[in-house]
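Colleague: Could you take me closely through the strands of this model and how they pair with one another, and then say what else belongs in that picture?

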Amino acid sequence: MFQPFLQHLEKELFSRFHLIDRPIDPELEFKISQRSKNPAMIESWCYECPQFRKIRYTYINAGATAQIFNSVIYPNHQYDLPLLGIDFLAFGQKKILVVLDFQPLFRDPDYLKKYIEPMAPIRKKYNDLAQDLEMKFYDANQYFSPYLLFARTNPQTVIEQLFPAYQEYIQLYWQLVEKAEPKTDSTEVERIIKAQKDYDQYSAERDPASGLFKSYFGHEWSEEFLHKFLFEDSVPVPVK
């Protein structure tokens, strides 16, 4: 269901940026599970370039049981840009959840005006994809913008609305990247480094997908995938 989204992102990235492979542990890069009724395959890609220190995306294909596309783009530490976060999940044809956002590192008004407010006109066009759903695992006021797309939807809406919205959000993100000026003050750079590390720690501790990974690929592999690839700046929290 979400392969066209992955392909569009790849096409955009490779046509706009000089990407260099960022090594992934072979054990984490590709895996097939036979645990469930339908075999599940997970595959991941990771790159870097002068603008982005980490571009990662992952696809899980479990046939009709599950189709999942997840990506986070981390700007280089000289840029205070928000992170681009994509999380599309389909469990059959009737249970589809989509999340797309520019995830702000900071909440001060000038930052939000510069990087988040430009999303408003696009968000306004796609009200069906901006439902007031409860965030069970996250605080909506932390690392999410007021203009995120967050919806339970259906295959037709994925094709007719989500895909064009996705294209527009990505185009806007590239525009923000082009305009961004690198920080030269070490204090500002350190602040960005800390904010990105905090994001990884926060996300690793709350990501509901970890349970899904464990059901398909086992606890040990999933913990490594979570802390060594998805959120590599996170530190596992000791189990009491």
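Modeller: What follows goes through the strand pairings, then the nonpolar core, and ends with a pocket.

Please keep in mind that this is a predicted model. I begin with strand β7 (residues 95-103), which is mostly covered, with seven of its nine residues buried. Strand β6 (residues 83-91) runs antiparallel to β7 and is joined to it by nine bridges, and within this pairing L84 stands opposite F102 of β7. The two strands form a hairpin that has three residues between the strands, and in this hairpin G92 takes a positive phi near 75 degrees. β7 also pairs with strand β8 (residues 149-153), again in the antiparallel sense, through five bridges, and here the bridge partner of V99 is F150 in β8.

Another set of pairings involves strand β3 (residues 40-48), which pairs with strand β1 (residues 20-21) over two bridges in the antiparallel sense, I20 standing opposite E48 of β3. Strand β2 (residues 30-33) is likewise antiparallel to β3, with four bridges joining them, and I32 stands opposite M41 in that pairing. Seven bridges join β3 to strand β4 (residues 52-61), which also runs antiparallel to it; Y47 stands opposite I55 in β4, and the hairpin that β3 and β4 form has three residues between them.

The largest nonpolar core has 81 residues, and those with the most contacts inside it are L9, F69 and F88. Helix α5 (residues 155-179) gives the largest share of this core, 11 residues. If neighbours within four places in sequence are left aside, the residues in contact with F69 include F2, F5, L6 and L9, as well as Y57, T58 and Y59, together with I86, D87 and F88, and also Y166.

Finally, the second largest pocket has a volume of about 230 Å³. It is lined by 15 residues, of which A204, E223, L226, H227 and V237 are the closest to its centre. The elements that give two or more residues to this lining are α6 (186-206), α7 (209-217) and α8 (219-230). By class, the lining of this second largest pocket has six nonpolar, four polar and five charged residues.

Terms used:
Residues numbered from 1 in each chain as written. Predicted model: local features only at pLDDT ≥ 70, side-chain atom pairs only at ≥ 80, totals over all residues. Heavy atoms only, no water. 1 Å grid on protein atoms, 1.4 Å probe; cavity = no way out; pocket = protein on both sides within 12 Å on 5 of 7 lines; lining within 4 Å. Points joined across faces, edges and corners; volume = space filled by probe spheres on them. Nonpolar A, V, L, I, M, F, W, Y, C, P; charged D, E, K, R; others polar. Core = buried A, V, L, I, M, F, W, Y, C linked by side-chain atoms within 4.5 Å. Buried < 20%, exposed > 50% of the residue type's maximum accessible area, 1.4 Å probe, protein only. Contact = heavy atoms within 4.5 Å. Pairing = 2+ DSSP bridges.
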